Amino acid sequence: YSMNEWYADGLAGLQKYVFPTFEYLVKQKLPRLHAHLKKHLGDDMGVEHFSGLFVTNWFLELFFDSLPWPLMLKVWDTFLWFGSSAVYSIALSLLSFLESRLLDKNDLSQIIKLLKGTSGFPLDHKKLLKRAYKYDITQVTLDRIKIDLGLV
């Protein structure tokens, strides 16, 4: 699933590849949310570092502590079928469901609390996965983004 780089060298691959790639996708697919997150960050903290506050758990643990158990199992099924690209799609889908609530938050600590508290977020797995499929993120898409960002 091309995930070995995520876990290698003290998670350097996560920082080098996943964070910038996910930020790129958020900027492209959820531009209002991206702008809102960017607005609430200090000048010294990029969105990719901010996403590390919640994306690390989502990607490394495959949503283990981030979603209710039944939903997480459906997410794992999707991951096993489609591979690592599904993790990006599901993360975007989850952010899109949280978007209106996140846009209402004007304090960074409230935003982080909401993003880290997704395990209590009631969400139907069919809705989450339907939205994730809509993003149509494939390994080819991820490879293209890495090239566009100069990561390879």
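Predicted model: local features only at pLDDT ≥ 70, side-chain atom pairs only at ≥ 80, totals over all residues.

**Stop one: a helix pair**

Residues are numbered from 1 along each chain as its sequence is written, and side-chain values use heavy atoms, with hydrogens and water left out.

Select helix H2 (residues 12–29) and helix H3 (residues 31–39): their axes come within 5 Å and cross at roughly 120°. The axes are lines fitted to C-alpha atoms over the stretch in contact, with angles from 0 to 180 degrees between N-to-C directions. Helices here are DSSP runs of H or I, at least four residues, numbered from the N terminus.

Now show side chains for Glu23, Val26, Lys27, Gln28 and Lys29 on H2, plus Pro31, His34 and Lys38 on H3, which make the contact (heavy atoms within 4.5 Å).

**Stop two: H7**

Jump to helix H7 (residues 108–116) and pick out Ile111, Leu114 and Leu115, its buried residues (under 20% relative accessible area, 1.4 Å probe, protein chains only; exposed is over 50%, partly exposed in between). Look down the axis of H7: these buried residues fall within an arc of 95°, so they line one face of the helix. The arc is taken from the directions from the helix axis to the C-beta atoms.

**Last stop: H9**

Finish on helix H9 (residues 139–148), where Arg144 and Asp148 sit four residues apart, about one turn. Arg144 forms a salt bridge with Asp148, the closest N and O atoms being 3.3 Å apart (the rule: a side-chain nitrogen of Lys or Arg within 4 Å of a carboxyl oxygen of Asp or Glu). Arg144 is partly exposed at 39% relative accessibility, and Asp148 is partly exposed at 47%.

Note on methods. Helix = DSSP H or I, 4+ residues; strand = E, 2+ residues; numbered from the N terminus.
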